[in-house]
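Please keep the sequence and the structure at hand while reading.

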Amino acid sequence: MKHILYLEDNTDIGEWMKNDLTDRGYNVTWLKSGEGVMTAFPSADLVILDIMLPGLDGFTIGKRLKQKSPQIPILILSARTAIDDKLQGLQFADDYMVKPFHPEELAARVDVLLRRFGSEEDEVLRLKHLQINPHTSQIIDSRTGLELIFTGKQFQIFMYLIKNSNQILTKEQIYESVWGEPYIEGDKTLMVHIRHIREKIEDDPSRPAIIETIRGLGYRVKK
């Protein structure tokens, strides 16, 4: 049974949605604020998140959850319809749905996200000599069978690059997606992390074949 973590402060909507999703076979944890979210989150397969919550808003909560576990899909369900709100939400969320909504449409989107991310979690990704398990956060060198030990932030950066493989990603895009904060021009933090990642995965870090530097633009992982 898939576990859905649902954050909604409106009692009427919350009760209705929890009952509907439960009837569809999901195990639903409903919270009215961000309090207790980190306790419930580790067992979640998907997060449905309102933006206007008491205390921390949904944008802040969503960014923190995505930083902690990039492989967990997040669906924003909000009454905010402004394009700026949608763009801000989609910086970390995987889908954005506007209230009022039809429960059949929400159920369809939930199913799509669970199937898409579920298949990624069940399969080990292969990139050159690397075997990457997004669910367990393990990276194995297939030539030696040894696990390459990454810090949490290094793994998040690498997974973001892989998720967007074959695309050139700017430093700003990577930093703001992983850290959830505005990038400050001249900040060397990301560059240092990339260097450490290359030291672990590249045969010759001075001539990287996995994480390419696109001069003047950013970085790219080619698959």
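In this predicted model, strands S11 and S12 run antiparallel and are joined by four bridges. Another is Thr-213, which stands opposite Tyr-219 in S12. S11 and S12 form a hairpin with three residues between the strands, and in this hairpin Gly-216 takes a positive phi near 80°.

S12 also pairs with S10, in the antiparallel sense and over two bridges. Here Thr-170 is the residue that stands opposite Gly-218 in S12. Together the three strands form an open sheet in the order S10-S12-S11, with antiparallel pairing. S10, which covers residues 169-170, and S11 are the edge strands, each pairing on one side only. Helix H8 packs on this sheet and touches S11 and S12, and the direction of H8 makes about 140° with that of S11.

H8 has a helix partner as well. Two packed helices are described by the angle between their axes and the distance between the axes. The axes of H7 (residues 171-179) and H8 (residues 189-201) come within 10 Å and cross at roughly 85°. An angle of 65 to 115 degrees counts as roughly perpendicular, and H7 and H8 are therefore roughly perpendicular to each other. On the H7 side the contact is made by Lys-171, Ile-174, Tyr-175 and Trp-179, and on the H8 side by Thr-189, Leu-190 and His-193. Sorted by class, the residues of this contact are four nonpolar, two polar and one charged.

| Pocket | Volume | Nonpolar lining residues | Polar lining residues | Charged lining residues |
|---|---|---|---|---|
| Largest pocket | about 590 Å³ | twelve | eight | eight |
| Second largest pocket | about 280 Å³ | seven | four | seven |

Which residues lie nearest the centre of the largest pocket? They are Lys-66, Pro-70, Met-159, Tyr-160 and Lys-163, out of 28 residues that line this pocket. Helices H3 (58-68), H5 (103-122), H6 (152-163) and H7 are the elements that give two or more residues to the lining. Of the elements, H6 gives the most to the lining of the largest pocket, with six residues.

The second largest pocket involves parts of the structure described above. The pocket is lined by 18 residues, and the closest to its centre are Lys-171, Met-191, Thr-213, Gly-218 and Tyr-219. Lys-171 belongs to the H7 side of the contact with H8, while Thr-213 and Tyr-219 stand opposite each other. The largest share, five residues, comes from H8.

Terms used: Residues numbered from 1 in each chain as written. Predicted model: local features only at pLDDT ≥ 70, side-chain atom pairs only at ≥ 80, totals over all residues. Heavy atoms only, no water. Axes fitted to C-alpha atoms, helices over the stretch in contact; angles between N-to-C directions. Parallel < 35°, antiparallel > 145°, perpendicular 65-115°, else oblique. Contact = heavy atoms within 4.5 Å. Nonpolar A, V, L, I, M, F, W, Y, C, P; charged D, E, K, R; others polar. 1 Å grid on protein atoms, 1.4 Å probe; cavity = no way out; pocket = protein on both sides within 12 Å on 5 of 7 lines; lining within 4 Å. Points joined across faces, edges and corners; volume = space filled by probe spheres on them. Pairing = 2+ DSSP bridges.
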